[in-house]
Amino acid sequence: MKREMTAQEIQKRLLDLEDREQAKTLQSFFKTGPGDYGEGDLFLGIRVPQLRKLSQELGDMDLGEVEALLKSSFHEQRLLALLILLRKYNRGSGPEKKKIYVLYLKCRSCINSWDLVDLSAPNIVGDFLMNRDKKPLYRLAHSPALWERRIAIVATFAFIKNHRFDDTIAIAKILLSDQADLIQKAVGWMLREVGKRDPACEEVFLRDCYRRMPRTMLRYAIERFPAAKRERFMKGRG
């Protein structure tokens with residue numbers, strides 16, 4: 001029987017794949033400088049396809065070891081942990097899915113970059129809450145933590161894909177005046193996804209709220225509109 005690898009063994013394996021030049025590029029791309037949203041994040045320079053391939057090998061990894069990996073200082077190690085969690089969640093029974101959901105929220109401070117949130121929030125948090133009480137999302141939407149607010153809105157992508165828009169609209173209203181660029185983009189993105197499936201639903205929201213929306217949020221929300229219609233909204237004549 002094949003022995004499961006520990007988090008420490010996997011971390012050592014990832015360190016052996018380090019590419020310092022690529023790491024510098026990623027640290028710039030993810031804005032890790034002082035005062036930036038990713039301040040202090042560390043990168044090894046490992047590409048996502050490599051991590052996806054490795055996650056396939058580690059799909060049976062003990063959940064406690066995945067948690068240890070998720071708490072790593074290195075971005076790619078946290079990303080790998082989430083990829084493993086996604087594989088385990090997709091294959092898991094109801095109780096196993098709940099364990100992963102609970103672990104995710106317990107460790108949400110480690111899910112601290114837009115790519116980590118966008119990869120995992122719809123497919124774990126959104127999926128788990130699909131037919132359950134949505135109060136956890138509303139608590140996250142009111143959080144002072146940027147990444148928790150992003151989890152709240154992006155998790156609703158799972159509902160949108162199932163043509164359920166009420167929670168996306170409600171959380172968008174909570175975040176309507178959010179000053180964080182990454183929240184404005186996420187809200188606009190989710191509204192745009194609503195509009196792909198139900199244009200009237202998005203337009204009802206926009207006509208009520210667009211004058212109060214930050215410009216970035218509005219631009220993302222109306223990206224698929226015809227040029228003339230986009231211009232009217234941007235000029236306050238929607």
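## Lys-31

In this predicted model, Lys-31 counts as partly exposed because its relative accessibility is 42%. You'll find Lys-31 in the loop that runs between helix 2 (20–29) and helix 3 (48–57). Its backbone is worth a look too: phi of Lys-31 is near 50°, a positive value, and the residue isn't a glycine.

## His-163

His-163 is another non-glycine residue with a positive phi, this one about 60°. The loop holding His-163 sits between helix 10 (157–160) and helix 11 (166–174). With a relative accessibility of 52%, His-163 is over the 50% cut-off, so it counts as exposed.

## Overall fold

Zoom out, and the secondary structure of the protein is 15 helices with zero strands. The radius of gyration is 19 Å, close to the 18 Å from the globule rule for 238 residues, so the protein is as compact as a globular protein of that length.

Buried residues account for 52% of the 238.

## Surface and charge

The protein exposes about 12,100 Å², and 50% of that comes from carbon and sulfur atoms. On the charge side, there are 44 positive and 32 negative side chains, with 5 Å between the centres of the two sets.

Terms used: Residues are numbered from 1 along each chain as its sequence is written. This is a predicted model: local features need pLDDT of at least 70, side-chain atom pairs count only at pLDDT 80 or more; totals for chains, interfaces and linings use all residues. Side-chain values use heavy atoms; hydrogens and water are left out. Helices (H or I, at least four residues) and strands (E, at least two) are DSSP runs, numbered from the N terminus. The radius of gyration is taken over C-alpha atoms; the globule rule is 2.2 Å times the number of residues to the power 0.38. Buried means under 20% relative accessible area, exposed over 50%, partly exposed in between (1.4 Å probe, protein chains only). Accessible areas come from the Shrake-Rupley method with a 1.4 Å probe; for residues, only the protein chains shown count as cover. Lys and Arg count as positive and Asp and Glu as negative; His and the chain ends are not counted. The place of a charge is taken as NZ of Lys, CZ of Arg, CG of Asp or CD of Glu.
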